[in-house]
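Biologist: I have a model open and would like to go through a few spots in it. Can you take me along?

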Amino acid sequence: MRATLAQLAPRPRDLPGNVARVRALLEQSRASDLLVTPELFLGGYELADAEAMSIDLDGAEVAELREAARTAGTALIVGTGERVGSGVANSALAIGSAGELAGVYRKTHLFGAERDCYVAGDELVTVELAGWLVGLMICFDVEFPEVARALALRGAELLVTISANPVEFRRDHEVFVPARALESGLPHLYTDRVGAQGGIAFAGGSMAVDTEGRVIAGAGPVEERLVQAETGAPGRRDARTRYLDLLRPSVYH
């Protein structure tokens with residue numbers, strides 16, 4: 001898969017401006033199969049008033065992005081606050097290259113103050129994009145091996161994590177992102193934001209990782225950058241390290 005990882009700083013509390021930016025990025029990314037933005041990109045990493053910066057799946061913002069993806073012929077994974085029955089979810093919307101809403105993942109592991117303003121999702125999600133079955137994660141999810149393992153066991157061929165990781169936890173993701181690829185035997189795309197919002201500085205360090213845990217393309221920790229990467233097929237090269245085939249569930253209980 002040819003992917004563009006958009007390591008950017010969204011404009012805080014500017015839904016129309018950020019939607020317009022994603023539309024422009026899709027137009028720029030016609031040569032890519034998939035464009036990936038950071039966590040909560042559409043409204044910014046909002047902790048004070050998540051409701052004000054959230055969207056509805058049947059609203060104008062999603063309709064605009066679906067049409068832009070269809071026009072560009074490029075699939076999209078974008079982070080946003082999403083209005084749900086019980087409040088606001090921290091969501092990843094997956095839109096196919098034909099403009100269809102292919103799936104929605106709601107972050108299951110909320111971090112710190114997120115628990116005060118977002119509601120946790122209660123299921124893991126795989127979606128089909130550009131002919132690949134993609135397992136979705138959001139930021140803190142990547143720190144739980146069970147998430148990536150469960151997605152791999154469900155048949156995911158690629159892991160995608162969107163993130164808004166603070167600078168003080170940069171090392172965590174430098175370790176966890178390759179580890180999730182290595183243990184699952186799946187390529188892993190990780191897109192983090194940069195800049196600052198609400199007193200939080202964000203780490204950047206977006207990367208594409210192959211199934212051997214090697215970074216094949218990446219960005220630095222500060223600047224906005226579009227990272228181009230082409231992922232290979234899933235599967236470890238050495239059968240002795242194909243962990244999914246070697247699991248012994250009977251001894252783990």
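Modeller: Let's start with C139, which lies in the loop between β8 and α3 (145–153). Helices (H or I, at least four residues) and strands (E, at least two) are DSSP runs, numbered from the N terminus.

Biologist: Before going on, what kind of model is this?

Modeller: This is a predicted model, where local features need pLDDT of at least 70, side-chain atom pairs count only at pLDDT 80 or more, and totals for chains, interfaces and linings use all residues. Residues are numbered from 1 along each chain as its sequence is written, and side-chain values use heavy atoms, with hydrogens and water left out.

Biologist: Back to C139: buried or exposed?

Modeller: C139 has a relative accessible area of 6%, so it is buried. Buried means under 20% relative accessible area, exposed over 50%, and partly exposed in between (1.4 Å probe, protein chains only).

Biologist: What about the phi of C139?

Modeller: Phi of C139 is near 45°, a positive value in a residue other than glycine. A130 also has a positive phi, near 50°, and is not glycine either.

Biologist: Where is A130?

Modeller: A130 sits in the loop between β7 (126–129) and β8 (132–138). Its relative accessibility is 41%, so A130 counts as partly exposed.

Biologist: Next, T161. Which strand holds T161?

Modeller: T161 is in strand β9 (residues 158–163). T161 counts as buried because its relative accessible area is 0%.

Biologist: Which residues does T161 touch?

Modeller: Leaving out residues up to four places away in sequence, T161 touches M137, I138, C139, V142, H188, L189, Y190 and T191. Contact means heavy atoms within 4.5 Å. So C139, where we began, is one of the residues on that list.

Biologist: Which side chain makes a polar contact with the one of T161?

Modeller: The side chain of H188, at 2.8 Å. A polar contact is a pair of N or O atoms within 3.5 Å; within protein, one must be able to donate a hydrogen and the other to accept it, and residues adjacent in sequence count only if both atoms are side-chain atoms.

Biologist: Now the whole protein. How many helices and strands?

Modeller: Four helices and 15 strands. Of the 253 residues, 53% count as buried.

Biologist: And contacts along the sequence?

Modeller: Taking contacts between residues at least 6 apart in sequence, 68% join residues at least 24 apart.

Biologist: What size of box do the C-alpha atoms fill?

Modeller: Roughly 50 × 40 × 35 Å, taken along the principal axes.
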